[in-house]
Amino acid sequence: MDPLSILVDAEEREQLHSAIARLPETERLVIRMVRLSGFSERDTARCMGLRTPKVTAALARAQAMLKARLAS
């Protein structure tokens, strides 16, 4: 990989992590557990003391918020 690609990838990762940090707490935890750490939605729900449908909804909200923030 060339140095420019490495720099662009690093900047994109930083933007993503910054956008995740600004999410509401539930959405932030869910996106980190499911998308970044690889937990299932069911295991995430169990760890957070939530029902699986609530985790699924929070994940959808988080992804929509991130998409909107990263598109602007």
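Reader: What should I know about the model before I start?

Author: It's predicted, so local features need pLDDT of at least 70 and side-chain atom pairs count only at pLDDT 80 or more, while totals for chains, interfaces and linings use all residues. Residues are numbered from 1 along each chain as its sequence is written, and side-chain values use heavy atoms, with hydrogens and water left out.

Reader: How do I read the packing of α3 and α4?

Author: Two packed helices are described by the angle between their axes and the distance between the axes. Here, the axes of α3 (residues 41–48) and α4 (residues 52–71) come within 8 Å and cross at roughly 110 degrees. Axes are lines fitted to C-alpha atoms over the stretch in contact, and angles run from 0 to 180 degrees between N-to-C directions. That makes α3 and α4 roughly perpendicular (65 to 115 degrees).

Reader: Which residues of α3 and α4 meet?

Author: Glu41, Arg42, Thr44 and Ala45 from α3 meet Thr52, Val55, Thr56 and Leu59 from α4, where contact means heavy atoms within 4.5 Å.

Reader: And which residues in α4 are buried?

Author: An α-helix has 3.6 residues a turn, so residues three or four places apart point the same way. In α4, Val55, Ala58, Leu59, Ala62 and Leu66 are buried (under 20% relative accessible area, 1.4 Å probe, protein chains only). Down the axis of α4, its buried residues fall within an arc of 105 degrees, so they line one face. On the other side, Pro53, Lys67 and Ala71 are exposed (over 50%).

Terms used: Helices (H or I, at least four residues) and strands (E, at least two) are DSSP runs, numbered from the N terminus. Angles under 35 degrees count as roughly parallel, over 145 as roughly antiparallel, 65 to 115 as roughly perpendicular and the rest as oblique. The arc is that of the directions from the helix axis to the C-beta atoms.
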